[in-house]
Amino acid sequence: MAIIAIFDQPGMTQAQYEQVSNKVNGDRGLVKQPADWPVPGLISHTSAPTPDGWYVADVWESEEAFRRFSEVVLPLLREAGAPEVEPKIYPVFNLVTP
């Protein structure tokens, strides 16, 4: 079952997001397509600045796929000095893709 994983990170900066994204992508710049992710299963990724930090919403094919990605991204977030937050995970009820 598909899930949505939400990272709402007060205090995180765009520079930190870009640093982590670059590392996730093997030092090739920002992630741009699902093939840039280090594990399979990503359906969509969205990030945006908020008034007090950074917000990321990912849709994954399964919670297991997201957990594999977490093993990669959480250490990178710590390395970048991003605030520690626990992602919120919800089962997807409705997913519309092009």
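Which element gives the most residues to the lining of the largest cavity? In this predicted model, the answer is α1, with four residues.

Rolling a probe the size of a water molecule over the atoms shows where empty space is left. In this structure, one cavity of 30 Å³ or more was found. The space in the largest cavity comes to about 200 Å³. Its lining is made up of 15 residues, and those closest to the centre are Y17, V20, H45, F69 and V73. At least two lining residues come from each of four elements, namely β1 (3–10), α1 (14–24), β3 (53–60) and α2 (63–79). Sorted by class, the lining contains 11 nonpolar residues, three polar residues and one charged residue.

The strands were considered next. Strand β3 pairs with β1 in the antiparallel sense, over eight bridges. Strand β2, which covers residues 42–50, also pairs with β3 in the antiparallel sense, and eight bridges were again found. Most of β3 is covered, with seven of its eight residues buried. In a regular strand the side chains alternate between the two faces of the sheet.

The nonpolar residues were then grouped into cores. The largest nonpolar core has 22 residues, of which V20, V24, W60, F66, F69 and L77 touch the most other members. Two or more residues of this core come from each of β1, α1, β3 and α2. The element that gives the most to the core is α2, with six residues, whereas α1 gives the most to the lining of the largest cavity.

When residues up to four places away in sequence are not counted, L77 touches F7, Q9, M12, V20 and A82.

Note on methods. Residues numbered from 1 in each chain as written. Predicted model: local features only at pLDDT ≥ 70, side-chain atom pairs only at ≥ 80, totals over all residues. Heavy atoms only, no water. 1 Å grid on protein atoms, 1.4 Å probe; cavity = no way out; pocket = protein on both sides within 12 Å on 5 of 7 lines; lining within 4 Å. Points joined across faces, edges and corners; volume = space filled by probe spheres on them. Nonpolar A, V, L, I, M, F, W, Y, C, P; charged D, E, K, R; others polar. Core = buried A, V, L, I, M, F, W, Y, C linked by side-chain atoms within 4.5 Å. Buried < 20%, exposed > 50% of the residue type's maximum accessible area, 1.4 Å probe, protein only. Contact = heavy atoms within 4.5 Å. Pairing = 2+ DSSP bridges.
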